[in-house]
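Good morning, and thank you for the time.

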Amino acid sequence: MDKNIVTYSRSATVNLSRICSCLCDYCDYPTNNLDQNQFELVIPYLTIKLCNQAKKAGAKEVMFVAGERPDNFSAVRARLDLWGFNSYIEYVYTVCELIFLEGLLPSLNIGYLSKEEILGSHDETGWNGIRRIASAIYMMLDCADEKILEKYSPRKTLQSRVDTISYAGVGKVPITTGILVGLGESDKSRREAMEIIKALHQEYGNIQNVVLQNYRPIGNPKFEIKSQTKKDELLRVCEMARRILPDDVPITIPAVSTENILPFINAGVRDIGSFDVLTEKKSGLNYNELLGDLEKSLKKKGLGLQRRLPIFSKYIIDNWYSRKLAQVLDRYKALLKGSEDPDLSAETDSAFAEEFASIVPRQRKKKKTVRKAKPHPVKKTKGGKSRKR
């Protein structure tokens with residue numbers, strides 16, 4: 001990790017399902033929090049339209065988001081069966097593959113995944129795992145305080161998050177993880193979370209960044225915390241995390257939800273998260289202007305600003321991706337290795353922007369069957385000579 005470089009990504013977020021089995025009191029994502037009869041699931045081919053809009057807006061990646069295990073509900077399983085899917089994860093794989101064939105890299109933020117779902121199996125099903133198609137997986141710990149989770153999210157456990165990160169590590173899938181700051185957790189709990197992440201990285205090496213998300217209360221009367229964590233406290237959490245985490249694991253503070261990112265960069269933050277191109281289009285925001293101003297400010301501090309993919313450069317160079325994703329990422333790796341620095345230089349990013357636009361995953365071509373020409377019948381003329389018809 002180059003400490004003189006601050007990274008960001010330009011992605012698109014696509015919701016597959018807002019149905020969730022956890023129903024945490026601090027989260028307003030699930031629709032079935034409000035209506036237990038809402039069991040919506042996005043039809044796979046409809047994601048192509050959204051992804052093509054994202055591609056035109058300059059995205060190179062799509063993050064698919066869903067509530068935790070919507071397939072726990074019979075109505076969702078019935079829908080999947082109607083569409084011909086053997087499982088929820090097969091549905092997720094299909095959606096990812098559809099947008100990959102459009103030339104975009106998929107990443108996932110869909111909650112708990114089992115070992116078999118990530119790694120695949122060698123039985124008669126032939127299932128070979130989500131690791132083949134997901135360039136990275138987003139799995140937040142949320143909080144290391146079991147009492148807080150039991151109170152506000154009794155169906156979610158810390159161990160389930162750790163297990164998913166571990167399975168991804170075995171499968172060499174890069175992980176984005178982190179905590180929500182402001183759930184009522186203590187400094188001790190925050191340190192414990194960073195120690196857990198550190199231990200996971202030391203064992204598997206797959207923690208590509210750690211997000212410190214400043215939690216914003218949603219107004220749920222069941223949740224006691226009513227105010228957001230102040231900047232000074234969040235800065236202290238950043239400094240604490242930087243002291244604990246390994247040097248090669250960058251800390252992420254999402255710039256889109258932070259009023260002034262510069263003090264956090266001074267505290268050691270080296271990634272500012274994702275800027276969603278679809279959100280930008282709907283809201284009329286100009287992220288390019290914001291990034292341009294930030295780049296000028298960073299230049300005065302001797303720092304650079306560089307765009308990244310959902311899979312960080314280090315993991316591309318080290319080949320942490322499948323043969324399927326290699327159809328795109330091998331060419332990117334060549335560009336990275338051709339630059340002087342291990343991180344993405346401005347020149348490399350510019351070159352890749354042009355390269356990536358022309359890269360479409362190779363599809364197997366159907367062999368053309370060549371028909372042998374039939375001999376033309378020969379007809380004799382009156383003079384005894386023959387001619388072809």
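I shall begin with the basis of the model, then turn to the fold, the core, one glutamate and the cysteines.

This is a predicted model, in which local features need pLDDT of at least 70 and side-chain atom pairs count only at pLDDT 80 or more, while totals for chains, interfaces and linings use all residues. Residues are numbered from 1 along each chain as its sequence is written, and side-chain values use heavy atoms, with hydrogens and water left out.

The protein chain contains 14 helices and 11 strands; helices are DSSP runs of H or I with at least four residues, strands are runs of E with at least two, and both are numbered from the N terminus. Of its 389 residues, 52% are buried, that is, under 20% relative accessible area with a 1.4 Å probe and protein chains only; exposed means over 50%, and partly exposed lies in between. Contact here means heavy atoms within 4.5 Å. Among contacts between residues at least 6 apart in sequence, 72% join residues at least 24 apart.

Let us turn to the interior. In soluble globular proteins, nonpolar side chains tend to be buried together. The largest nonpolar core here has 109 residues; such a core is a set of buried Ala, Val, Leu, Ile, Met, Phe, Trp, Tyr and Cys residues joined through side-chain atoms within 4.5 Å. Helix α3, residues 88-100, gives the most to this core, with 9 residues. Val92 is among the residues with the most contacts inside the core, and, not counting residues up to four places away in sequence, Val92 touches Leu16, Leu108, Ile110 and Ile130.

Where does glutamate 68 lie? The residue sits in the loop between β2 (61-66) and α2 (74-82). Glutamate 68 is buried, at a relative accessible area of 11%. Its side chain makes a polar contact of 3.0 Å with the side chain of arginine 161; the term denotes a pair of N or O atoms within 3.5 Å, where, within protein, one must be able to donate a hydrogen and the other to accept it, and residues adjacent in sequence count only if both atoms are side-chain atoms.

Finally, the cysteines. A search of the whole structure finds 0 disulfides, a disulfide being a pair of cysteine sulfur atoms within 2.5 Å. For cysteine 27, the nearest cysteine sulfur is that of cysteine 24, 6.0 Å away. Cysteine 51 is buried, with 0% relative accessibility, whereas cysteine 27 is partly exposed at 26%.
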